[in-house]
Amino acid sequence: MASASASSSPATGPCRRPITDAVTASPAFAPDSRLVAAVRPSPNHGERQGGARPDALVLHYTGMADGPSALRRLCDPAAEVSSHYLVEEDGAVLQLVPEARRAWHAGREPWAGRHDLNSASIGIEVVNGGHDFGLPPFPEAQVAALEALCRDILQRCGIAPARVLAHSDIAPSRKQDPGERFPWARLAAAGIGLWVPPSLDAAPADALSAEAVVALQSDLARFGYGIAPTGTHDAASRDVVAAFQRRHRPARVDGALDPGTRDTLARLMALRFGAGPEAAPARA
Ligand SMILES: [Zn+2]
């Protein structure tokens, strides 16, 4: 696998590497982005399966007390987790794993029908305490650095805005990161991820027919979420809707198929796939 993928892209990672003078004193590998302040090699990576090239970007928060704790864990062989990049609260960007390698950040759940997102993605961990630490805000310097890094990766790797994912999108029953305070709207304004102004209509969900629930679940599946069109809004279905809300309607995250959630989904479907019969407004 390694030689096959190397021969198709000689002497570079999976993405175009810029001419850079940002190499640190004695890095174990050359950084892929000119925005990297330092390389802190993590041993936690492997081959991208099938020589896959990254076509998705997955964003995380670290969910730990501080940056040094997160860095230690991401470099600890016993933890068996890593990401390609870590963005500190002051905006410093560390690279832990070369983009050519498969970092261990996204788990095994599917997105858009594909499992093993680790082989198909680049992962960024953003230092932030997350839900366990009261959802602290993301400092401006950190957001600015993250925005620049994401733009750089999307451009070099040719990743589409629709393929910028939250960890919670991929693992809705298991993960909440990067959380409902993450600056998705701002990033989307810079071409990073999809966003429409969310509908805040949080009136109690009216009784939906099973057919209507199937249609909504089918839309969510078409958007990429790992959800089966069962027609029953059960616990797994609510987890997916909560993940959708956390990402696209963060003012109210409760898993309910309320009118605002349905409207926000319908407009995102239209943005992503174009208006048409398949992207019709939310059914009642
Ligand atoms: Zn995560």
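These legends describe close-up views of one predicted model. Residues are numbered from 1 along each chain as its sequence is written. Because the model is predicted, local features need pLDDT of at least 70 and side-chain atom pairs count only at pLDDT 80 or more, while totals for chains, interfaces and linings use all residues.

**View 1. The protein chain as a whole.** The protein chain holds nine helices and eight strands. Helices (H or I, at least four residues) and strands (E, at least two) are DSSP runs, numbered from the N terminus. Of the 284 residues, 43% are buried. A residue is buried if 20 or more other C-beta atoms lie within 10 Å of its own, exposed if 12 or fewer, and partly exposed in between; C-beta atoms are placed from the backbone. Among contacts with a separation of 6 or more, 67% link residues 24 or more positions apart. Two residues are in contact if their C-beta atoms, placed from the backbone, lie within 7 Å.

**View 2. The six-stranded sheet.** Six strands form an open sheet in the order β1-β5-β4-β7-β3-β8, with mixed pairing. Two strands pair if DSSP finds at least two bridges between them. β1 and β8 (164-166) are the edge strands, and each pairs on one side only. β3 and β8 run parallel and share three bridges. Here L57 stands opposite V164 of β8.

**View 3. Strand β7 and its two partners.** β7 is mostly covered, with six of its six residues buried. S121, G123 and E125 are buried on one side, and I122, I124 and V126 are buried on the other. β3 runs parallel to β7, joined by six bridges. Y61 stands opposite V126 in β7. β4 also runs parallel to β7, with three bridges between them. There, L86 has E125 of β7 as its bridge partner.

**View 4. Helix α4 and its cover.** Helix α4 takes in residues 140-157, 18 residues in total. The expected span of a helix is 1.5 Å times one less than its number of residues. The buried residues of α4 are Q142, A145, L146, L149, C150, I153, L154, R156 and C157. Strands β3 (56-61), β4 (85-87), β5 (93-95) and β7 (121-126) are among the elements that cover them, as is helix α6 (184-189). Just after α4, G158 takes a positive phi of about 65°.

**View 5. The largest nonpolar core.** This core has 46 residues, and L57, L86, V87 and L149 touch the most other members. Its largest share, seven residues, comes from α4. A nonpolar core is a set of buried Ala, Val, Leu, Ile, Met, Phe, Trp, Tyr and Cys residues joined through C-beta atoms within 7 Å. Which residues does L149 touch, not counting residues up to four places away in sequence? They are S33, L35, Y85, V87, V93 and I124.

**View 6. L35, a buried loop residue.** L35 lies in the loop between α1 (2-8) and β1 (38-39). L35 counts as buried because it has 21 C-beta neighbours inside 10 Å. Leaving out residues up to four places away in sequence, L35 touches V93, A148, L149 and D152. L35 and L146 are 111 residues apart along the chain, yet their C-alpha atoms are separated by 9.9 Å.

**View 7. Helix α9 and its neighbours.** Helix α9 (residues 259-273) has 15 residues. From its first C-alpha to its last it reaches 21 Å, close to the 21 Å expected at 1.5 Å a residue. In α9, G260, T261, R262, T264, L265, A266, L268 and M269 are buried. Their cover includes α7 (210-223) and α8 (235-248). After α9 comes G274, whose phi is positive, near 90°.

**View 8. The crossing of α8 and α9.** The axes of α8 and α9 come within 11 Å and cross at roughly 70°. α8 is therefore roughly perpendicular to α9. Angles of 65 to 115 degrees count as roughly perpendicular, under 35 as roughly parallel, over 145 as roughly antiparallel and the rest as oblique. Axes are lines fitted to C-alpha atoms, for helices over the stretch in contact, and angles run from 0 to 180 degrees between N-to-C directions. V241, F244, Q245 and H248 of α8 make the contact with T261, T264, L265 and L268 of α9.
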